[in-house]
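Here is a short briefing for a reader new to this structure. Look at the sequence and the model first, then go through the points by topic.

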Amino acid sequence: MRKAWLLLALLALGTGALAQRAVSFRLSLPPAGLGLGLEAPLERNLAFRGFVDLFPGGPNVLAAGEVLFKPDLGQLDRDLRGIRPYFGGGLAGYFGGAGEVGLHLSLGVEFLLDARTGLFLDGEYFYPFGGPGRFGRTVIGANLR
């Protein structure tokens with residue numbers, strides 16, 4: 001558990017200066033979990049997202065950092081403004097029992113309610129480098145800018 005807190009502190013400090021743009025509140029199913037994330041724009045259609053999800057059933061912790069391609073469809077058609085599909089991936093660590101490090105992939109869409117609030121639906125997949133133990137999940141949440 002000490003490793004999870006250290007990783008959480010590094011994630012918060014390492015991306016804190018960068019990610020002053022959005023805070024994410026996350027709920028995932030299955031496995032059921034709650035999480036908190038930070039998101040920062042890198043370029044026009046690229047964003048960095050770091051998050052930590054806690055699964056109380058274990059207790060287990062998933063911490064990840066990923067780069068997302070996240071265009072606003074309003075660039076193509078004004079009627080679609082505020083709809084932002086995205087995909088991307090990065091590295092993640094799953095801590096609980098035996099810790100695992102692996103690849104984390106995301107595919108989802110964010111709907112902006114206004115300039116400061118967005119709701120998202122995300123499909124995520126974790127594939128550990130050490131072998132079996134991979135899992136997929138659905139995440140719903142809100143971004144507050």
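A residue is called buried under 20% relative accessible area, exposed over 50%, and partly exposed in between, using a 1.4 Å probe and protein chains only. By that rule, buried residues make up 39% of the 145 residues in the chain. The model is predicted: local features need pLDDT of at least 70, side-chain atom pairs count only at pLDDT 80 or more, and totals for chains, interfaces and linings use all residues. Residues are numbered from 1 along each chain as its sequence is written, and side-chain values use heavy atoms, with hydrogens and water left out.

**Overall build**

- The chain holds 1 helix and 8 strands. Helices (H or I, at least four residues) and strands (E, at least two) are DSSP runs, numbered from the N terminus.
- The order from the N terminus is α-β-β-β-β-β-β-β-β.
- The 8 strands form a closed barrel, β1-β2-β3-β4-β5-β6-β7-β8, with antiparallel pairing. Two strands pair if DSSP finds at least two bridges between them.
- From one strand to the next, the twist averages 25°. Axes here are lines fitted to C-alpha atoms, for helices over the stretch in contact, and angles run from 0 to 180 degrees between N-to-C directions.
- Of the contacts between residues at least 6 apart in sequence, 44% join residues at least 24 apart. Contact means heavy atoms within 4.5 Å.
- The accessible surface of the chain is about 8,200 Å², and 68% of this belongs to carbon and sulfur atoms. Accessible areas come from the Shrake-Rupley method with a 1.4 Å probe; for residues, only the protein chains shown count as cover.

**Strand pairs**

- Strand β3 (residues 46-55) pairs with β4 in the antiparallel sense over 10 bridges. Phe 48 stands opposite Val 67 in β4.
- Strand β4 (residues 60-69) also pairs with strand β5 (residues 83-95), antiparallel, over 9 bridges. Glu 66 has Gly 90 in β5 as its bridge partner.
- Between β5 and β6 there are 12 bridges, again in the antiparallel sense. Gly 93 stands opposite Val 101 in β6.

**Loops and turns**

- The hairpin of β5 and β6 has 4 residues between the strands, and Gly 97 there takes a positive phi near 70°.
- Pro 31 sits in the loop between β1 (22-29) and β2 (33-41). The peptide bond from Pro 30 to Pro 31 is cis, with omega near -5°.
- Arg 81 lies in the loop between β4 and β5. Its relative accessibility is 53%, so Arg 81 counts as exposed.
- Leaving out residues up to four places away in sequence, Arg 81 touches Asp 72 and Gly 74.
- Arg 81 and Phe 111 are 30 residues apart in sequence, and 9.1 Å apart in space, C-alpha to C-alpha.

**A nonpolar surface patch**

- Which residues form the nonpolar patch on the surface? They are Leu 91, Val 101, Leu 103, Leu 105, Tyr 125, Tyr 127 and Phe 129, with about 650 Å² of accessible area together.
- Patches are made of residues with over 30% relative accessible area and no salt bridge; like charges are joined within 9 Å, nonpolar side chains (Val, Leu, Ile, Met, Phe, Trp, Tyr) within 5 Å. A salt bridge is a side-chain nitrogen of Lys or Arg within 4 Å of a carboxyl oxygen of Asp or Glu.
- β6 (100-112) and β7 (117-128) each supply at least two residues of the patch. β6 gives the most, with 3 residues.
- Leu 103 is in strand β6. Leu 103 is partly exposed, with a relative accessible area of 36%.
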